[in-house]
Amino acid sequence: MSNPFLTVLAGEAVQPPPVWLMRQAGRYLPEYRALREQKGSFLNLCYDPEAAAEITLQPIRRFGFDAAILFSDILIVPHAIGQQLRFVENEGPNLSPPLFEARLDQLVATPSHLDSIAETVRRVRAGLTPQTALIGFAGSPWTVATYMVAGHGSRDQALARLLAYQAPERFAAIIDRIEAVTIAYLDSQIQAGADAVMLFDSWAGSLPPSQFERWVVAPTARIVSALQRRHHGVPILGFPRGAGVKAPAYARETGVTALCVDETNDIGWVASQLPDTMAVQGNLDPLALKAGGAALDCALDQLLGQLEGRPHILNLGHGIDRFTPIAHVEQLLARLRLPRTA
């Protein structure tokens with residue numbers, strides 16, 4: 001049997017389209033919550049290959065998705081670069097020292113943080129059949145930089161945007177360091193058995209066009225080029241969340257294999273701006289999945305109708321909400337896999 005996820009990334013349409021969900025290994029699953037309680041902190045889970053592999057495989061066993069995505073976090077890279085990382089309950093991640101004031105050369109790199117992630121990939125690949133793809137991932141430089149500069153997440157990424165205007169050379173050095181570590185990080189994931197890798201640029205939408213070109217498109221293009229030189233033909237998915245009308249240009253200029261589209265964008269229009277053989281991924285609203293029932297059926301049918309006949313990977317427009325009922329995921333999969341008449 002072929003691998004439908006990789007078939008679509010190679011430019012062929014598959015019916016029904018392959019499906020996986022962003023954050024599919026996570027808090028909405030009782031088996032995840034049980035393991036989290038047993039193991040302690042989120043970061044402990046990320047750095048425990050046995051536990052991280054188990055979490056990655058949990059939704060595959062339960063739902064039979066067409067792809068597994070590595071259980072990890074985009075902030076593993078700044079941790080390896082030398083910032084201290086902790087996750088604060090009800091607050092989110094904290095990175096210190098923040099680079100808005102601290103200097104990059106003050107950090108002492110700890111690249112060993114990346115080694116356990118590669119071991120997780122090896123364990124997951126060994127636990128999957130060839131018909132199920134394994135996706136490795138990293139945060140894109142712009143998004144990772146927003147956390148490194150501020151020391152935490154923010155609504156508008158203002159400190160990173162300000163530093164990029166006030167001290168572009170200093171900000172470029174941060175981007176360059178993230179870029180170099182990300183290339184090595186994704187290279188190690190591919191060598192360990194990842195079938196494809198994905199770049200998450202969750203805060204791409206906060207930049208105006210000229211800054212978007214400099215801090216989102218250009219670094220992503222360099223990462224894609226470097227990985228393709230090392231691993232010719234490896235599929236690379238790009239997710240410039242919030243890019244809006246800039247998304248097709250991102251796809252063309254970065255060289256990604258597939259474009260991931262968030263729920264706020266018109267995926268039919270985006271697809272019409274791309275080559276017919278280029279895969280698009282997305283973009284079911286996570287809240288439609290959380291709602292379930294007729295609202296979910298309607299949203300799914302509309303999405304499938306927009307992309308009928310072209311390479312499409314069904315996914316959410318962002319991560320699954322932690323309070324999404326498991327029955328709604330089962331509803332999605334049952335309706336997706338119903339025989340469809342012409």
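1. Is Lys39 buried, partly exposed or exposed? The model is a predicted one, and in it Lys39 counts as partly exposed because its relative accessibility is 31%, which falls between the 20% limit for buried and the 50% limit for exposed. The side chain of Lys39 meets that of Asp48 in a salt bridge, with an N to O distance of 3.3 Å.

2. On the charged pairs in general, a search of the whole structure returns 11 salt bridges, and the points here take up some of them.

3. Asp187 and Arg230 form a salt bridge through their side chains, at 3.5 Å from N to O. This pair links distant parts of the chain, with Asp187 in helix 9 (residues 168-192) and Arg230 in helix 10 (residues 209-230), 43 residues apart.

4. Which residues gather in a patch of positive charge on the surface? They are Arg23, Arg27, Arg33 and Arg322. Of these, Arg23 is found in the loop between helix 1 (4-9) and helix 2 (30-39), and this residue counts as exposed because its relative accessible area is 51%, the cut-off being over 50%.

5. Gln189 deserves a separate comment as a polar residue located in helix 9. Its relative accessible area is 0%, and therefore it is classed as buried. Leaving out residues up to four places away in sequence, Gln189 touches Leu70, Ile117, Val121, Gly136, Phe137 and Ala194.

6. Ile267 belongs to helix 12 (residues 267-272) and counts as buried, because its relative accessibility is 1%. Once neighbours within four places in sequence are set aside, the contacts of Ile267 include Val261, Val280, Gln281, Gly282 and Asn283, and also Leu303, Gln306 and Leu307. As a further point of reference, the C-alpha atom of Ile267 is separated by 16 Å from that of Val8, which lies 259 residues away along the chain.

7. Why can helix 11 (residues 247-254) be called largely enclosed by the rest of the structure? The reason is that 6 of its 8 residues are buried, and these are Ala247, Pro248, Ala249, Tyr250, Ala251 and Thr254. The buried residues of helix 11 pack against helix 10, strand 6 (236-240), strand 7 (258-261) and helix 12. After helix 11 comes Gly255, which has a positive phi, near 85 degrees.

Technical notes
Residues numbered from 1 in each chain as written. Predicted model: local features only at pLDDT ≥ 70, side-chain atom pairs only at ≥ 80, totals over all residues. Heavy atoms only, no water. Salt bridge = Lys/Arg side-chain N within 4 Å of Asp/Glu carboxyl O. Buried < 20%, exposed > 50% of the residue type's maximum accessible area, 1.4 Å probe, protein only. Helix = DSSP H or I, 4+ residues; strand = E, 2+ residues; numbered from the N terminus. Patch = residues over 30% accessible without salt bridge, like charges linked within 9 Å, V, L, I, M, F, W, Y side chains within 5 Å. Areas by Shrake-Rupley, 256 points an atom, 1.4 Å probe, with all protein chains shown as cover. Lys, Arg positive; Asp, Glu negative; His and termini not counted. Charge placed at Lys NZ, Arg CZ, Asp CG, Glu CD. Contact = heavy atoms within 4.5 Å.
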